Amino acid sequence: MFTETRQLFPTFADTNGPADGERPTAIALLQRYDAGSSFFLGTPERTLLGSGVRARLTRHPDEPMAAALRRLFADGTQNDDTPAIAVGALPFAPEAHPVLFIPHRLDAAAPLARHAITRTKAAVRSSETQERPTEALYARRVQQALDLMRQSTLKKVVLSRMLEVVGEGEIDQAMVLRNLASRNSAGYTFAVDLPTASGRVRRLIGASPELLLQRMGEHVLANPIAGTAPRSNDPGEDLARSRKLLHSAKDRHEHELVVKAVAETLRPYCRNLEVPPVPELIATARVWHLSTRIRGKLIDPAPSSFDLALALHPTPAVCGEPRDLARRAIEQLEGFDRGLFTGLVGWCDANGNGEWAVTIRCAEIEANRANLYAGAGIVSESEPWREVAETAAKFRTLLDALQGSGV
Ligand SMILES: C=C(O[C@@H]1C=C(C(=O)O)C=C[C@H]1O)C(=O)O
């Protein structure tokens, strides 16, 4: 039987108006995000604020992830009627350790409405930045990926790079989150506390445009995104770039590989699956993307949102095609451990409902340091310098949030 999570997650029409009885508004949850908060997620459907950690997912050697999640729900469910919700992030490498937990308290509100957040300010005093690798070296690695494609059956690989930011003082993590939410209210804005040996607060903070998978009852939605063009401040040029992206053979090819992989994975679980034949354009504050919304109705009994998300991960939007060759190319060419970047971030309840976004446009932030990540899909038609420009545009999402710029 499919069970909806209605009790905790009503959907409101007016999201930022007066609170419904005891229920806080989305803006109030964002404003309440502070040192005691362990999790925040703003999606097009809801806003969640987690405080503290009631139970944390641990995994025995060789234990399947789904079994570890069942144990987490058993440990973290209280004896009252409070529905247990697991939240957190899973890394890019399926064998690496996830950060998943049931918060002490989880508040829910309707989505953050567009333009509802008042202007915000810089989250750090002046800072130094260092790219790893440099633009020139990244371009060389893209060229190496193209060479690999000519010599093997590799069709696509996503190559990423890092930008290390060192501020003069502590980075105000709550301000980074607010700045992201104010500039990217259409996507998935998140902040996840990461355990540290130092006891200092280290957080994964970002604003992803990409939904890996949402399951509510029998309904599933996946929204793969691939194919990107930097935006322009000039409206005419901005529009021209979006049109060029929509008709670019290279970007359509890059996009179709992802849609095909996502649809093929979901089809066996669905009694019907709608896959639009052509992508649509979506815009973030800094880039245009090609996007396809894939909807399905699940066969009963269905896997949980968590199991479905893990079946999809990593899609060719963040890894490549074929997956094994792409992973090997990433290990060979990227030169750093992605950690949680290009993994998944979201929530899941004990009935299997949940939402999982792809962990991109993000940074790991601790004290005065932030490590920003950005990647780009490389296919045979790619040109190295364009991929450099694409990753630079993607860094802007977090740089704007750190500097309070770009609105
Ligand atoms: C890897 C990233 O983004 C992914 C790659 C994209 C592309 O190559 O066009 C677009 C969206 C994401 O699926 C990133 O933003 O760092």
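Visitor: Are Glu 387 and Lys 250 buried or exposed?
Guide: This is a predicted model, and in it both Glu 387 and Lys 250 are buried.

Visitor: What do their side chains meet in?
Guide: The side chains of Glu 387 and Lys 250 come together in a salt bridge, at 3.2 Å from N to O. Distant parts of the chain are linked by this pair: Glu 387 belongs to helix α9 (residues 384–403) and Lys 250 to helix α6 (residues 249–266), 137 residues apart.

Visitor: Which residues do salt bridges with shared partners join into one network?
Guide: That network consists of Arg 200, Arg 202, Glu 364 and Glu 366.

Visitor: How many salt bridges does the structure hold?
Guide: There are 26 salt bridges in the structure. One of them is formed by Glu 95 and Arg 327, whose closest N and O atoms are 3.3 Å apart. Glu 95 sits in the loop between β4 (85–90) and β5 (99–102), while Arg 327 is in helix α8 (residues 323–333), 232 residues apart.

Visitor: Is Glu 95 buried or exposed, then?
Guide: Glu 95 is exposed, because its relative accessible area is 58% and the cut-off for exposed is over 50%.

Visitor: Moving on, what does Arg 132 form with Glu 164?
Guide: Arg 132 forms a salt bridge with Glu 164, with 2.8 Å between the closest N and O atoms. Arg 132 is in strand β7 (residues 127–132) and Glu 164 in strand β8 (residues 156–167), so the pair ties together parts 32 residues apart in sequence.

Visitor: Where do those two stand on accessibility?
Guide: Arg 132 is partly exposed, at 39% relative accessibility, whereas Glu 164 is buried, with a relative accessible area of 18%.

How values were computed. Residues numbered from 1 in each chain as written. Predicted model: local features only at pLDDT ≥ 70, side-chain atom pairs only at ≥ 80, totals over all residues. Heavy atoms only, no water. Salt bridge = Lys/Arg side-chain N within 4 Å of Asp/Glu carboxyl O. Helix = DSSP H or I, 4+ residues; strand = E, 2+ residues; numbered from the N terminus. Buried < 20%, exposed > 50% of the residue type's maximum accessible area, 1.4 Å probe, protein only.
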